[in-house]
Amino acid sequence: MRTQADPFPSKMELLITRYVKLQDGRVWLNGIVEYVSELGSANELFRSVYRHYRTDYPKFFKMDNLCKLAFLSAEILLRGTDVLQKYPAEQIGIILENASSSLEYDQKHLESVRDRDKYFPSPSVFVYTIPNIMVAEIAIRHQMKGENAVFISEQFDPELIDHYVSELFRNQRVSCCLSGWVECYRDHYQSFLFIIEEKDKIKRCKGVQEYVTLNILNVERLFKGKPI
Amino acid sequence: MIEDLINKLKGEIIRELEMENMTPEELDPEAPLFGEGGLGLDSIDVLELVVLLEQNYGLKIQASKEGREIFYSIRTIAEYIRAHQKE
Amino acid sequence: MLDVFVGASNTITSMGFSTAEHVERIKANQIGIRIYPGGNLYPTPVPLSLIDSQGLLDLFRKCLNKTNPDLQLDSFTRSEMLHILSISDVLKNSGVNITDSRTLIILATLKGNMDLIGGKNRPPAIEPDRVYLWKWSEFLGSFFNSSNKPVVVSNACVSGLLAIIIGSRLIKAGKYDHVIAAGGDILTEFAVSGFQSFQSLSPNPCKPFDAARDGLSLGEGCGSILLSRHHSLCGIPEKIVVAGGSCTNDAHHISGPLRSGESFCVAIRRALEEASLDPPDIDYISAHGTGTDYYDETEAKALSLAGLERVPVNSFKGYFGHTLGAAGIIESALAIASMRNNKLFKSAGFENPGTSQPINILTDHAVKEVNHCLKTASGFGGCNTAVVFRKI
């Protein structure tokens, strides 16, 4: 499909203006390692990242790990940017992908109803048994009210993101979009989150790094940490 | 003694509602739990308190009908438990 | 700008195994929600809408004998049987080739193989990995020899309607010519106990928008609908298109709706704008209407804010409950049936107005020309979706 001539070329150029990765105890911002932790478990790492970035958001501690990862990634990604001021809330989208959905908390919920004599399902667990709550946590924190969706795929699928998000921009459904991959099951976690903006809407300042054009190849390379 | 029950409840609430960095001493038993000026608990927290009362005290509550009054403050919760818990 | 036509559809709930069966039963005022005694699904009696298991097995066996007689029934889960039956029905009634590289399957679900989550009682012929939505979708894609890996949308109770929006957008972007949007969720103790923990299940069949409403009724369901650039392959004579669609987020609370209805209203307005329509142009609304206090109230406010308070509106959930991932697809299929036949159905379970902003709930089946229909849905996580269908 990628090799067929595209009869609907997008006229606008979309750029990835910032990206963050969390994996193996490390935090990368725009490809540079910002934080390293030797801590083993996802729980410990997420707390450590929360403290390192001096986050102040008590609701963080109620979240499941998938949402904690999404929340922290968005927090680091958006800190110091003017994206939330530049674009109306309803024009900022969040389009994410994930593999395991919310399986960890699915299992936790099911455990709580395993024994008919100790039958106490908890709403604060059940609410986290759908993957789009990670979008909600980001949206609530940063007041992003636009288009949103969670796709599930075994591996990060840059093609789907590129096609769908480009169409959202082409049709003016969004003016800015937070997109990427957030996956967490027990201690296996990986996130790759990036901001997409239209080239025409970005003011070029002296000394600002060159942004990367949104296309499947570039997204793949940034995800894998390869040079563009 | 109702004060013992209040102290027990404080610990249970902090644990169940994942109130990180909150100590029992910091929790005012008279303070409103919900709404503006309160501890800022929300609708899921009400339902968690429902589970807490059933699990730890054997009391079943309909959140939508009785929740507002019973869960006004830690003290009102303690008073409800005292009044309704079977010996 | 190319048109995205709506084509053949299939719906499976307690009310039957096809869209036509559903229409007949709804016309006859039948309801598929029953009080189930305490058992596997929940310790105490609870109203549920469950698909007839024997009927499902019989139909699936027939379907399998025609297409893959070498495969055994026990190598399919309940959810997979439902989706295969549903998609097969759509294919049978349209001219689309599912193996074509320009055809995409989009699957909408909350939990896919919900019955595999705990890992216990798994039939030996089914691999443990089928608990993953990507594996479940891969299995379904390979069954149909689909050239493209199915896309999976898991976005709470808007998943089904969102799949229609996404499918329509991908066709408009020129990536595909046809999309089969299929959505489904089965019911197990997982879902029933979870919604009970929110005290959101009514002890009686649900009453959307009614003054005495006290919760939703869960339903099992699966539905599919064809979207295509080519009306000639759609399988229905009427030309009905996806004229507009939108999804917004309340950015307010992870489970409760933004009660002003503001964000839901934005989704509705945007769908109307994309369709170049004004509120008076809408002939009928198929609402989300679950029967819960806050969600129904919020939806009524949103419709009112959008200037749609006079438009005839119903919820289908009074007939077969809230079918989660399937809801947006099944209810869209039935709304399209209303458009095709110019017949509106009463909103089952409704007797007395129960929202602070009055809306025009259908209290009887009615005959009305329907050229423009609005379909709405909202869900946990603050998401709101709206789609406008237009007859051309």
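A residue counts as buried if 20 or more other C-beta atoms lie within 10 Å of its own C-beta atom. By this criterion, 62% of the 392 residues of chain C are buried in the predicted model.

The overall form of chain C was examined next. Its C-alpha atoms fill a box of roughly 55 × 50 × 40 Å along the principal axes. A compact globule with 392 residues would have a radius of gyration near 21 Å. Chain C has 19 Å, which agrees with that expectation. The secondary structure of chain C comprises 10 helices and 15 strands. Contacts in chain C between residues at least 6 apart in sequence were also considered. Of these, 80% join residues at least 24 apart.

Helix α4 of chain C spans residues 133-143. Its buried residues are C:L133, C:W134, C:W136, C:S137, C:F139 and C:L140. An α-helix has 3.6 residues a turn, so residues three or four places apart point the same way. Within chain C, the buried residues of α4(C) pack against α3 (78-92), β4 (103-108) and β5 (151-153). They also pack against β5 (148-152) of chain A. Just after α4(C), C:N145 takes a positive phi of about 50 degrees.

Chain A also touches chain B. The contact takes 8 residues from chain B and 8 residues from chain A.

Terms used:
Residues are numbered from 1 along each chain as its sequence is written. Chains are lettered from A and ligands numbered from 1 in the order in which they are written. This is a predicted model: local features need pLDDT of at least 70, side-chain atom pairs count only at pLDDT 80 or more; totals for chains, interfaces and linings use all residues. Two residues are in contact if their C-beta atoms, placed from the backbone, lie within 7 Å. Helices (H or I, at least four residues) and strands (E, at least two) are DSSP runs, numbered from the N terminus. The radius of gyration is taken over C-alpha atoms; the globule rule is 2.2 Å times the number of residues to the power 0.38. A residue is buried if 20 or more other C-beta atoms lie within 10 Å of its own, exposed if 12 or fewer, and partly exposed in between; C-beta atoms are placed from the backbone.
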